[in-house]
Amino acid sequence: MSAVAPEAPISPDAPASSKAPTSSEAPTSPQAADPAEASDPWRPFGPCTTAACVEAAAAVAGPVQLAVRLVAAFLVLLAGVPLSLVGRMRAAWRTELTMAWARLLLRSLGVRLEITAPESSAAPETRAAPEAGGAPQTGPAPGFGTGPGIGTGPERGALVVANHVSWLDPLVLAATLPSRLLAKREIGEWPVIRTLAAGSGVLFIDRERLSALPSAVAAVADALRAGDTVVAFPEGTTWCGRGMGRFRPAVFQAAVDAGATVRPATLRYREGAVTSTRACYVGEDSLLASIVRVAATRDLAVEVTLFAPVRPAAPTSTRPEARAALARIAESRVRANMLEPHDHR
C-alpha cells in the first residue's frame, strides 16, 4: 500500500525539513518502500517494483528495429538542443517547438499517441465544493478552446494534472498540448536535459527544501496568470499504471491563487487493448533499462484522456479547503478512468 503524504504547508514560514514535498516531479523512479521512507511524511513512495509489475511484451521488436529506434531517439534528443535555444530566444515559439519535438521523440521510440476528450467543448465545468461531502457545482465552461492536435482542449492558463507512470509522461503531455512542466530541480543539473528544460520553459521545485515550496507554487501561479498551461503530477511518485496514489493538494494552490481552471487527465499505456506496464519507471529501475524496454516493445501506445475543467471554489472558502477540494475532484476523475484498479495490497 502506498504511503500518503499529508498536505504540505503553503505558508512561507513552513518548518524546515530534510526532504521537501513536491507537487509534481519530472520522471523519477521511486525507491522501494522501507520504514525510513515511510516515516517521512513529505516524500511519498509507490508500492510498485519492476520485478512485481513489469510484464513481458506482447510482441517484441526485432534487433534491427530496436537499434533503429534507439539511434533515432538519440538523434531527436540531440536535435532538441538547437530547438531549445530557439525557444529561449523566441518565447512565442517555445511551446509549439516543444510539442513537435516531443511527438517526434515518442514516434522514434515506437510509442503511438492517442488523445481523447470525453466531454464536448460545450460541457459544463465543475466548480470545486470545499465543504466535506459537498457536491461539485457546475456552470458554463469558459476556458475551453481548441488546442493543436487534440480536437477539444483547454485554452492557455490551465493547470493540467495527471497520474504518473513513466519518465515518458512529461513528453506525452508536451506532445498533447502546448504546456510547461513542473519538475524537480535535479533535472536542471543533468547535461543536455538542462538545456532542453530551459528551452521548453520548465518550472522547477526544490524537493530538498520545504521552505522553497511557497515560491514554487507562486511561480506556477504566475505562469497561469500569464496564460501558460502548466503540467503537474500531484502523486509525487510513479506507479506501474494499474493503480495510482493520492493527489497531494499543494500544487492546486497555484490554481486557487491564479483563479485558473484545473484539467484532469488520465495516462494509460497499452499493448493492443490491454493495459501495459512496459513503460512504467518504478522501484530500482534504471532509466537506460526503461528506455530500452520501451523501444523493444513492438506495439506500445499511450492513451491520454482529457476531462472537463474544474474551477476553484468561491473566494469565500479558505485556501486549504479550496486546494483540497480541487485535488479531491481531480483525483476522483483520473482514478475513475483507471480501467484496471490494482492497489497492490
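The model is predicted: local features need pLDDT of at least 70, side-chain atom pairs count only at pLDDT 80 or more, and totals for chains, interfaces and linings use all residues. Residues are numbered from 1 along each chain as its sequence is written, and side-chain values use heavy atoms, with hydrogens and water left out.

**Overall make-up**

The protein has ten helices and 13 strands. Helices (H or I, at least four residues) and strands (E, at least two) are DSSP runs, numbered from the N terminus. Of the 345 residues, 55% count as buried. Buried means under 20% relative accessible area, exposed over 50%, and partly exposed in between (1.4 Å probe, protein chains only). A contact means heavy atoms within 4.5 Å. Among contacts with a separation of 6 or more, 80% come from residues 24 or more positions apart.

**Helix packing**

Two packed helices are described by the angle between their axes and the distance between the axes. Axes are lines fitted to C-alpha atoms, for helices over the stretch in contact, and angles run from 0 to 180 degrees between N-to-C directions. Helix H3 spans residues 63–89.

Angles under 35 degrees count as roughly parallel, over 145 as roughly antiparallel, 65 to 115 as roughly perpendicular and the rest as oblique. H3 and H9 are therefore oblique to each other.

Handedness is set by how the near helix is turned from the far one: anticlockwise by less than a right angle is left-handed, clockwise is right-handed. H3 and H9 cross right-handed. Leu-66, Arg-69 and Leu-70 of H3 make this contact with Ile-291, Val-292, Val-294 and Ala-295 of H9. The crossing of H3 and H6 is left-handed. On the H3 side, Leu-77, Gly-80, Val-81, Ser-84, Leu-85, Gly-87 and Arg-88 take part; H6 supplies Ile-193, Thr-195, Leu-196, Ala-198 and Gly-199.

**Cysteines**

The structure holds zero disulfides. A disulfide is a pair of cysteine sulfur atoms within 2.5 Å. For Cys-240, the closest cysteine sulfur is in Cys-48, 3.8 Å away, too far for a bond. For Cys-280, the closest is in Cys-240, at 5.8 Å, also too far for a bond. Cys-240 is buried at 1% relative accessible area. Cys-280 is buried, at 1%.

Arg-270 lies in strand S10 (residues 262–271). Its 8% relative accessibility makes it buried. A polar atom of the Arg-270 side chain is 2.3 Å from the backbone oxygen of Gly-272. Beyond neighbours within four places in sequence, Arg-270 contacts Glu-114, Thr-275, Ser-276, Asp-299, Leu-300, Ala-301 and Glu-303.

Arg-225 belongs to helix H7 (residues 213–225). A polar contact of 2.9 Å joins its side chain to that of Asp-222. A polar contact is a pair of N or O atoms within 3.5 Å; within protein, one must be able to donate a hydrogen and the other to accept it, and residues adjacent in sequence count only if both atoms are side-chain atoms. Leaving aside neighbours within four places in sequence, Arg-225 touches Asp-257 and Ala-258. The C-alpha atoms of Arg-225 and Ala-260 are 7.6 Å apart, across 35 residues in sequence.

Asp-285 sits in the loop between strand S11 (274–275) and H9. Asp-285 is buried at 10% relative accessible area. Its C-alpha lies 7.8 Å from that of Thr-49, 236 residues apart along the chain.
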